[in-house]
Amino acid sequence: MGDIVENKSKSTGDALLKYCFYKYFSDAETDKIVKGINKIIEDNMTDIQPFGLGILHKILYSDLYNDFDKNTTKIVFDKLEVIYSTYKDKIILDDEIIESYMLGYNAYIHIPEMINDLANINVSKELKTASLRIPAYTNIIEGCLSNLFRTLLLIINKYSEKDYSSQFSLKCLSDVIEKNGFECITSKIDINIRNSISHGKYHSEKSGNDIKFIYMDKQGRKEKIMSIYEFDNIINEMYALCGGIIFAITLFINKHENIIYITRQEIQFDFIRMELSIPKLRCIAIWAIDNNKQLNIEFYVTETNKGYLCQVALLLAVLIYNKYNYYEQYMFTFSSERLAKSWVRFTNDEILSLYNGTHDFNTLITKVIKRGDVVIWDAPTDNIDLNEVKYFRFPDYQCDKYIINNIVDASIENRKRLRANLYVGNTSDKYELMKIIFESIDWIKQLKNINSPTISHKYGTMEADSVYMNVYRENVKNKQDMFPSNQNFICFVDYNIDSITTLKNGGIFESIWKQYYHETIGRLQIAWNDKKFVKRLERNCQCPCGSGKKYKKCCGI
């Protein structure tokens, strides 16, 4: 009888797994991806495994990535297929190969995001070269291309009589894969430019229109001058080359998943992260905490509907549990430009109940909601310019007496709140210090803040309801904390238009908050780090708030 129950449970679990697999990947646009692949290679693919769905769709159909070198894809894929058919018994895609590939791919997807973010900033040509062109080129060559070359080298190493596994430098990697039939992708690389940048021997010419690269070869010191237009073309060519190689390796891995042998858990997590990434859902990370107590799976999503995300969490719970069934809890988080981080969490027993058939999806999600383990925020419905959100910056302020910077929007639904740092130098007189604090608050509270794409809050050009300021002597990087032992920290100022704070204990630990010396001046609540500042202001002097009244008839009432 026990065997019958066990077999029935296994049958239910298998059917559930098949259903969840089909339901989850039904949005993967597989046919569209296969059609795009067969336009590039002559392999006549009819299907594709989950591992490549998200990657191949991104490269084929995303505006940021679809300008890849298709000729490189065909040549590299065909070469890998020849290697596999020739040395089938020796080719194993192990931890080191998959890790190198993942490192190359991760660098690849972040490069255009960096370029897009910086390209529209209005700065000088020299600064844009230093902050955008050089880092972009370095990331392409060192972060992406070197790892992709090493992936190919490690595959070659499986059948080569020589051991190349100790090779990491771009020059050595290039030499090895070139000798083994990949000269089509090494011939486009200018090692001299890479070496010049690596050794810091480059600079923009005075006009900003040209870049000089200085390097050493067998004949000695050499210089190469090129226009920023030419360098931009090299960056684009190298990035297209990387895209072509990634596409080819992804196809190869996807076609031969039977030869993958991964033993390290972090590489397994990365592989599953790729498998779970489809056009609507991109798995960002998978990691475990507290000695297998909880497995966290984080996603970037394009669909923010609550019902959809709950359904996705249930499907994912079954798919993940099938691979890792020994965690106490499984937490799935979802976020995007229009969705604040949301999450759904299940216990091990709850997912097991789905496999056993003792719970259905609706019963389980209702149970989890009642327990409070579903937090999915409503995405704001306002029309929001995401470019404005991306590029908006609060201004800094500087005069001969003080500096204001690091302004942050801390607004909530019904209260406009701004936070900033104030640096007052050697000012030690309390009256002068209070004048600076009042002036700073008057300037900060007039600043415009913008709408949030994820959380509804009060925004616009109206006066701020609250201003929070950390006041320091000097703008020293490693002395920006609020610990009482920090002699650079003077006080924390809490201004509220109605004199009622909405920030408990200044937003820090109560144990630290209690060590300060507290004082109320008008609409300000001040937490001093030094007791000497708690001395009373002269009641007959002019109020430091700038009202023109005496202190005793203004903030000193």
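**Chat about a predicted model**

Biologist: What share of the 557 residues counts as buried?
Modeller: 48% of the 557 residues in the chain count as buried. Buried means under 20% relative accessible area, exposed means over 50%, and partly exposed lies in between, with a 1.4 Å probe and protein chains only. This is a predicted model, in which local features need pLDDT of at least 70 and side-chain atom pairs count only at pLDDT 80 or more, while totals for chains, interfaces and linings use all residues. Residues are numbered from 1 along each chain as its sequence is written, and side-chain values use heavy atoms, with hydrogens and water left out.

Biologist: How many helices and strands does the chain have?
Modeller: There are 17 helices and 15 strands. Both are DSSP runs numbered from the N terminus: helices are H or I with at least four residues, strands are E with at least two.

Biologist: And what box do the C-alpha atoms fill?
Modeller: Along the principal axes, the box is roughly 95 × 85 × 40 Å. The accessible surface of the chain is about 28000 Å², and 49% of that belongs to carbon and sulfur atoms. Accessible areas come from the Shrake-Rupley method with a 1.4 Å probe; for residues, only the protein chains shown count as cover.

Biologist: Of contacts between residues at least 6 apart, what percentage joins residues at least 24 apart?
Modeller: 64% of them do. Contact here means heavy atoms within 4.5 Å.

Biologist: Helix packing next. At what angle do α3 and α11 cross?
Modeller: Roughly 65 degrees, with the axes of α3 (residues 50-61) and α11 (residues 265-275) coming within 6 Å. The axes are lines fitted to C-alpha atoms, for helices over the stretch in contact, and angles run from 0 to 180 degrees between N-to-C directions.

Biologist: Which residues make the contact between α3 and α11?
Modeller: On the α3 side they are Pro50, Phe51 and Ile55, and on the α11 side Phe271, Met274 and Glu275. By class, five are nonpolar, none is polar and one is charged. Nonpolar covers Ala, Val, Leu, Ile, Met, Phe, Trp, Tyr, Cys and Pro; charged covers Asp, Glu, Lys and Arg; the others, Gly among them, are polar.

Biologist: Is Glu275 buried or exposed?
Modeller: Glu275 is buried, at a relative accessible area of 15%. Leaving out residues up to four places away in sequence, Glu275 touches Phe25, Pro50, Phe51, Glu257 and Lys323.

Biologist: How many salt bridges does the structure hold?
Modeller: 29. A salt bridge is a side-chain nitrogen of Lys or Arg within 4 Å of a carboxyl oxygen of Asp or Glu.

Biologist: What about Asp232, which side chain does it meet?
Modeller: Asp232 meets Arg133, at 2.8 Å from N to O. Asp232 is in α10 (residues 228-255) and Arg133 is in α6, so the pair ties together parts 99 residues apart in sequence. Asp232 is partly exposed at 26% relative accessible area, whereas Arg133 is buried at 11%.

Biologist: And Arg273, what is its partner?
Modeller: Arg273 forms a salt bridge with Asp270, at 3.0 Å from N to O. The two are three residues apart in α11, which means about one helical turn between them. Arg273 is buried at 9% and Asp270 is partly exposed at 22%.

Biologist: Which Asp does Lys306 meet?
Modeller: Asp378, at 3.4 Å from N to O. Lys306 is in α12 (residues 306-323) and Asp378 is in the loop between β8 (374-375) and α15 (386-391), 72 residues apart. Lys306 is partly exposed at 38%, while Asp378 is exposed at 58%.

Biologist: Switching to α7. Which of its residues are buried?
Modeller: In α7 (residues 170-179) they are Leu170, Leu173, Ser174, Val176 and Ile177. They pack against α6, α8 (183-186) and α9 (191-198). After α7 comes Gly181, with a positive phi near 100 degrees.

Biologist: Where does His457 lie?
Modeller: His457 is in the loop between α16 (430-444) and β12 (466-472), and is buried at 14% relative accessibility. Beyond its neighbours within four places in sequence, its contacts include Asp409, Glu413 and Asn449.
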